Amino acid sequence: MTALNVLGTPLVPCSYDPLTGYYRDGCCNTDEHDHGTHVICARVTQAFLDFSLARGNDLITPRPEYRFAGLRPNNRWCLCALRWKEAYEAGVAPPVILESTHARALDFVTLEQLQSVALPTA
């Protein structure tokens, strides 16, 4: 079964460089094993990276053992839905790519919240 995005269409890859996704398949796919629910495709900003670091989630430092090169501003990455929501409420949510954000994100945030910071479609 094809995964759907928040717009109800097939999920589009988020990023292959850096390689993202819970399964490191380039997409924000998820299942019951993904306890962080890494479903929101965002273009990270320095403000978000700093915010995440301050909350104990270092997305900057490379972690090769997890196939994680570390993020820089403007990288696309599948974010945990609740961390994105927390950043949204703090006013530092990074912009999202709706076509690449898994429909499961709507269990945590509204489409309107996502649209308010969405990047234009390609």
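**Elements and basis**

Helices (H or I, at least four residues) and strands (E, at least two) are DSSP runs, numbered from the N terminus. The model is predicted: local features need pLDDT of at least 70, side-chain atom pairs count only at pLDDT 80 or more, and totals for chains, interfaces and linings use all residues. Residue numbers run from 1 along each chain as its sequence is written, and side-chain values use heavy atoms, with hydrogens and water left out.

**Nonpolar cores**

The largest nonpolar core holds 22 residues. Such a core is a set of buried Ala, Val, Leu, Ile, Met, Phe, Trp, Tyr and Cys residues joined through side-chain atoms within 4.5 Å. Buried means under 20% relative accessible area, exposed over 50%, and partly exposed in between (1.4 Å probe, protein chains only). Ile40, Leu79, Trp84 and Leu114 have the most contacts inside this core. At least two of its residues come from each of β1 (38-43), α1 (46-54), β2 (76-80) and α2 (81-90).

What does tryptophan 84 contact, leaving aside neighbours within four places in sequence? Its partners (contact: heavy atoms within 4.5 Å) are Ile40, Leu79, Ala93, Pro94, Val96, Val109, Gln113, Leu114 and Val117.

**Helix packing**

α1 and α2 pack at about 110 degrees, with axes 11 Å apart. Axes are lines fitted to C-alpha atoms, for helices over the stretch in contact; angles run from 0 to 180 degrees between N-to-C directions. α1 is therefore roughly perpendicular to α2 (65 to 115 degrees; under 35 is roughly parallel, over 145 roughly antiparallel, the rest oblique). Phe48, Phe51 and Ser52 of α1 meet Arg83, Glu86, Ala87 and Ala90 of α2. By type, the contact residues are four nonpolar, one polar and two charged. Here Ala, Val, Leu, Ile, Met, Phe, Trp, Tyr, Cys and Pro count as nonpolar, Asp, Glu, Lys and Arg as charged, and the others, Gly among them, as polar.

**Backbone exceptions**

Most residues other than glycine have a negative phi, and most peptide bonds are trans. The bond from aspartate 17 to proline 18 is cis, with omega near 5 degrees. Proline 18 sits in the segment before β1.

Threonine 37 also belongs to the segment before β1. Its phi is positive, about 50 degrees, although it is not a glycine. Threonine 37 is buried, at 7% relative accessibility. Asparagine 74 lies in the loop between α1 and β2. Its phi is positive too, near 85 degrees. Is asparagine 74 buried or exposed? Asparagine 74 is exposed, with a relative accessible area of 53%.
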